[in-house]
Amino acid sequence: MNKKEIEVLELIRKNPYLSQQEMAEQLKVSRPTVANLISGLIKQRKIAGRAYILPEEDTVICIGGANVDRKFRLEHAAQMGTSNPASVSRSIGGVARNIAENLGRLGHSVKLMSIAGNDPEWNLIEEASKSFMNTELTKVDAALSTGTYTAVLEPGGEMVIAMADMAIYDAMTPQYIRRSEADLLSASFIVSDLNCPADTLDEIHKLAKSKRIPFAVIPVSEPKMNRLGKDLIGITWLILNRGEAGRFLDRSISTEEQWRQAVEELMRLGAEHVVVTGGKEGVMAGTGGNVRHYAAHPVPAIVEVTGAGDAFSSGIIHSYLNGQPFNSNIEAGLANAAKTLQSALTVRSDLSAEQLQRELEERT
């Protein structure tokens, strides 16, 4: 869409019954010009006739990965260079998809914007996801293969190594994002992982920034940190681990002071709320120039680490969307992560807004 089309869409979003003459006066153009713009928007399926029906509001849009996860759990400690006895399980994953399911279970209206192959893997993802999110913004391309993630886990659940086949996400171009611009403009919150190419993430960032839509960036790995630009203004939440923060800032983060300084630097670059996680050592989080450490919630026994980071991010976003203060946002994330660590599932099946609230109240 061009600038004028976006301006028309914004006017319609605010008042679907605005006349073409009223729009023309506000935009300082002729009424026929407005008529042509509206005709173009209808052809692009950005609006659907009078009263210019727009996508529903108060929806969280999660952009990025939707994968099939395969997990190999070793019977004994890993031995390199030889065969290791293991059991294998298959589940649904992808950072954006996992966050979408968490938020859906927590009662939010969620849409997943991803890309997948027309294959059994996508069928599996769609079937497992449809109860918690709308997948209509996900493009299915028969020429591509759905992303896969394979993790090797120690008997105690800690990761030995993970391998990701994510080439499909290179097809998530800026043009791919623009085709759903009307949905993005009506979103109450946008989340993007770093499976998206750098120019696509930049497109999402600019849109969220220009329209003041709350925007969270959740990295997926250290190598993909180069997809995040150095200008972080317009990012409402930046949630990453110490390795990812160190890669982005090109520095070591091994001491508590370096940890704190990393949060401070990321805020100086423009991110409004910054959280740098440290596993069992808790998180360092900052907002408004203030930084403090939060202890991890105790976990009697870790069943599996996969999905805990996505649960943490989702707990934060859920609390933020409910208007809770910063400290409560972080505690909600820590609570959801701790309970997910005790589940064999990537997204725990007992999650709900009521259950998470009970778990938080038990801490007080």
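Trainee: Why is Lys28 called exposed?

Mentor: This is a predicted model, and in it Lys28 has a relative accessible area of 74%. The word exposed applies over 50%, so Lys28 with its 74% counts as exposed. Lys28 sits in the loop between α2 (20-27) and α3 (31-43), and its phi is positive, about 60 degrees, although Lys28 is not a glycine.

Trainee: What makes Asp250 exposed?

Mentor: The relative accessible area of Asp250 is 72%, and since the cut-off for exposed is over 50%, the term holds for Asp250. Asp250 belongs to the loop between α9 and α10, and its phi, near 55 degrees, is a positive value in a residue other than glycine.

Trainee: How do you know whether Val263 is buried or exposed?

Mentor: Val263 has 0% relative accessibility, and buried means under 20%, so Val263 counts as buried. Val263 has its place in helix α10, where, leaving aside residues up to four places away in sequence, Val263 touches Val274, Val276, Met284, Ala285, Gly286 and Val291. The C-alpha atoms of Val263 and Lys206, which are 57 residues apart along the chain, are separated by 23 Å.

Trainee: Which angle and which handedness describe the packing of α11 and α12?

Mentor: Helix α11 (residues 308-321) and helix α12 (residues 326-341) pack at about 145 degrees, with their axes 7 Å apart, and their crossing is right-handed. Among the residues that make this contact are Ala311, Gly315 and Ser319 of α11, and Ile330, Gly333 and Ala337 of α12.

Trainee: What makes β9 a strand that is largely enclosed by the rest of the structure?

Mentor: Five of the five residues of strand β9 (residues 189-193) are buried, so the description as largely enclosed follows from that count. Phe189, Val191 and Asp193 point one way from β9, while Ile190 and Ser192 point the other way, and all of them are buried.

Trainee: How do you know which strands pair with β9, and in which sense?

Mentor: Pairing requires at least two bridges between two strands. Strand β1 (residues 59-63) and β9 have four bridges in the parallel sense, with Ile190 of β9 as the bridge partner of Ile61. Four bridges likewise join β9 to strand β10 (residues 215-218), and these strands run parallel, Ala216 in β10 being the bridge partner of Val191. From β9 the chain crosses through helix α8 (residues 198-210) to β10, and this β-α-β crossover is right-handed.

Trainee: Why are β4 and β14 called edge strands?

Mentor: They belong to an open sheet of eight strands in the order β4-β1-β9-β10-β11-β12-β13-β14, with mixed pairing, and β4 (109-113) and β14 (290-294) are the edge strands, as each pairs on one side only. Neighbouring strands of this sheet are turned by 15 degrees against each other on average, with direction ignored. Within the sheet, strand β11 (residues 237-241) and strand β12 (residues 273-277) pair in the parallel sense over five bridges, and Thr277 in β12 is the bridge partner of Asn241. Helix α10 lies across β11, β12, β13 (283-287) and β14, running at about 35 degrees to β13.

Trainee: Which strands form the edges of the sheet of four strands?

Mentor: That open sheet has the order β3-β2-β7-β8, with mixed pairing, and its edge strands are β3 (86-93) and β8 (159-165), each pairing on one side only. Strand β2 (residues 67-74) and strand β7 (residues 148-153) pair in the parallel sense over six bridges, and Arg73 stands opposite Leu153 in β7.

Methods:
Residues are numbered from 1 along each chain as its sequence is written. This is a predicted model: local features need pLDDT of at least 70, side-chain atom pairs count only at pLDDT 80 or more; totals for chains, interfaces and linings use all residues. Side-chain values use heavy atoms; hydrogens and water are left out. Buried means under 20% relative accessible area, exposed over 50%, partly exposed in between (1.4 Å probe, protein chains only). Helices (H or I, at least four residues) and strands (E, at least two) are DSSP runs, numbered from the N terminus. A crossover is right-handed if, with the strands pointing away from the viewer, the path from the first strand over the helix to the second runs clockwise. Axes are lines fitted to C-alpha atoms, for helices over the stretch in contact, and angles run from 0 to 180 degrees between N-to-C directions. A crossing is left-handed if the near helix is turned anticlockwise from the far one by less than a right angle, and right-handed if clockwise. Contact means heavy atoms within 4.5 Å.
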